[in-house]
Amino acid sequence: MLDGDLQQKSKHLITLAGEMKGSVEVQCNRCGESFDVALPALLRLTISDQIAEDKDDLDIIEFLDGEIDLSFILQSEINTLKSEYHYCDQCDEDEEAFEMEF
Ligand SMILES: [Zn+2]
């Protein structure tokens, strides 16, 4: 599901340029209907084995045990996707129609 190139940037920084395939089942936030959304195709992450100094940089993934686990990265991307708000096509249309009335 995840193909990636790991590149050592510096002693403690590794970049991952990856391509994700597949989709994730999410629930519509309005009607509760389950549907699939595609994973974002391109993934670019910075991985560090040190605690990030800049806490604002959310793209940095910490791997303090020195082992990079691609399936863990993939799982966390999936969890992020699942925790976002999603509307199924039907509710999405309703939403647009609703907004146009004002
Ligand atoms: Zn819906």
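This is a short tour of the structure above, stop by stop.

**Before you start.** You are looking at a predicted model, in which local features need pLDDT of at least 70, side-chain atom pairs count only at pLDDT 80 or more, and totals for chains, interfaces and linings use all residues. Residues are numbered from 1 along each chain as its sequence is written.

**Stop 1: the whole chain.** Show everything as a cartoon. The chain has two helices and six strands; these are DSSP runs numbered from the N terminus, with helices being H or I of at least four residues and strands being E of at least two.

Now colour by pLDDT, the predictor's confidence in each residue, from 0 to 100. The chain has a mean of 81, with 83% of its residues at 70 or more. Confidence is highest in strand β3 (residues 23-27), at a mean of 93, and lowest in strand β6 (residues 60-62), at 74.

**Stop 2: the sheet.** Select β1, β2, β5 and β6. In that order they form an open sheet of four strands with mixed pairing; two strands pair if DSSP finds at least two bridges between them. The edge strands are β1 (2-8) and β6, each of which pairs on one side only. On average, neighbouring strands here are turned by 30° against each other, direction ignored.

**Stop 3: along strand β2.** Which way do β1 and β2 pair, parallel or antiparallel? They are antiparallel, over seven bridges, and a hairpin of four residues joins them. Select L2 and you will find M20 of β2 opposite.

On to β5 (residues 42-48), which pairs with β2 (residues 13-20) in the antiparallel sense, again over seven bridges. Two pairs to click on are L13 opposite S48 and G18 opposite L43.

**Stop 4: the helix across the sheet.** Select residues 70-83, helix α1. This helix lies across β1, β2, β5 and β6, at about 115° to β1. That angle is taken between N-to-C directions, on a scale from 0 to 180 degrees, using axes fitted to C-alpha atoms, for helices over the stretch in contact. Contact means that two C-beta atoms, placed from the backbone, lie within 7 Å.

**Stop 5: A38.** Finish in strand β4 (residues 34-38), where A38 is found. Is A38 buried or exposed? A38 is exposed, because 11 other C-beta atoms lie within 10 Å; the cut-offs are 12 or fewer for exposed and 20 or more for buried, with partly exposed in between, and C-beta atoms placed from the backbone. Buried residues make up 4% of the chain's 102 residues. Last, select M20 again: M20 and A38 are 18 residues apart in sequence and 9.2 Å apart in space, C-alpha to C-alpha.
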